[in-house]
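Please read the following notes with the sequence and the 3D view open side by side.

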Amino acid sequence: SYAATERLSLMTQAEYVRAENFFLAPPSPPTANPPYTDLPGYSAVINDIYRITAGVDYLIRPRINAFVRYNFYDFIDDTATFNSGVAHMFLGGVSGTF
């Protein structure tokens with residue numbers, strides 16, 4: 001956070017996550033038809049997530065605060081590209097402590 005004035009503060013946040021999931025197939029019993037060798041493909045997860053948040057906080061009076069946030073969210077799925085996407089989110093409100 002950066003205090004621009006006594007009542008106004010600015011904030012930013014950046015996040016990056018790289019996630020991977022895999023497993024090795026257990027040995028198939030002789031009676032398995034089809035064998036379990038295709039199971040790891042159903043669990044394959046490789047994705048990148050980028051999130052950037054920016055916002056403004058304004059102190060209306062002691063213990064009462066107004067805020068506005070913008071959140072950029074980018075999800076990239078390397079194993080199933082149809083799951084990839086971008087979201088732009090806005091949030092605003094007033095909070096108080098009594």
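Which residue of strand 3 does L10 stand opposite? L10 stands opposite V56.

1. Basis of the notes. This is a predicted model, in which local features need pLDDT of at least 70 and side-chain atom pairs count only at pLDDT 80 or more, while totals for chains, interfaces and linings use all residues. Residues are numbered from 1 along each chain as its sequence is written, and side-chain values use heavy atoms, with hydrogens and water left out.

2. Elements. The protein chain contains one helix and five strands, and along the sequence they follow the pattern β-β-α-β-β-β. Helices (H or I, at least four residues) and strands (E, at least two) are DSSP runs, numbered from the N terminus.

3. The five strands form an open sheet in the order 1-2-3-4-5, with antiparallel pairing. Two strands pair if DSSP finds at least two bridges between them. Strand 1 (2-3) and strand 5 stand at the edges with a single partner strand each, so one side of each has no neighbour in the sheet.

4. Strand pairs. Strand 2 and strand 3 are joined in the antiparallel sense over 14 bridges. Strand 4 and strand 5 also pair in the antiparallel sense, over twelve bridges. Within this second pair, N71 has M89 in strand 5 as its bridge partner.

5. Overall form. Along the principal axes, the C-alpha atoms fill a box of roughly 75 × 30 × 20 Å.

6. Burial. Of the 98 residues of the protein chain, 15% count as buried. Here buried means under 20% relative accessible area, exposed over 50%, and partly exposed in between (1.4 Å probe, protein chains only). Strand 5 is hardly covered, as the count of buried residues among its twelve residues is zero.

7. First ring pair. A search of the whole structure finds two aromatic pairs. In one of them, the rings of Y16 and Y50 have centres 5.0 Å apart and planes at 45°, so the pair is tilted. Rings of Phe, Tyr and Trp (its six-membered ring) pair if their centres lie within 6.5 Å; planes under 30 degrees apart count as stacked, over 60 as edge-to-face and the rest as tilted. Y16 lies in strand 2 (residues 8-21) and Y50 in strand 3 (residues 45-61), so the pair ties together parts that are 34 residues apart in sequence. Y16 is partly exposed at 45% relative accessible area, and Y50 is partly exposed at 36%.

8. Why does Y70 count as partly exposed? Y70 does so because its relative accessibility is 28%. F90, at 67% relative accessibility, counts as exposed.

9. Helix residue. Y42 lies in helix 1 (residues 39-42). Y42 has 67% relative accessibility, so Y42 counts as exposed.
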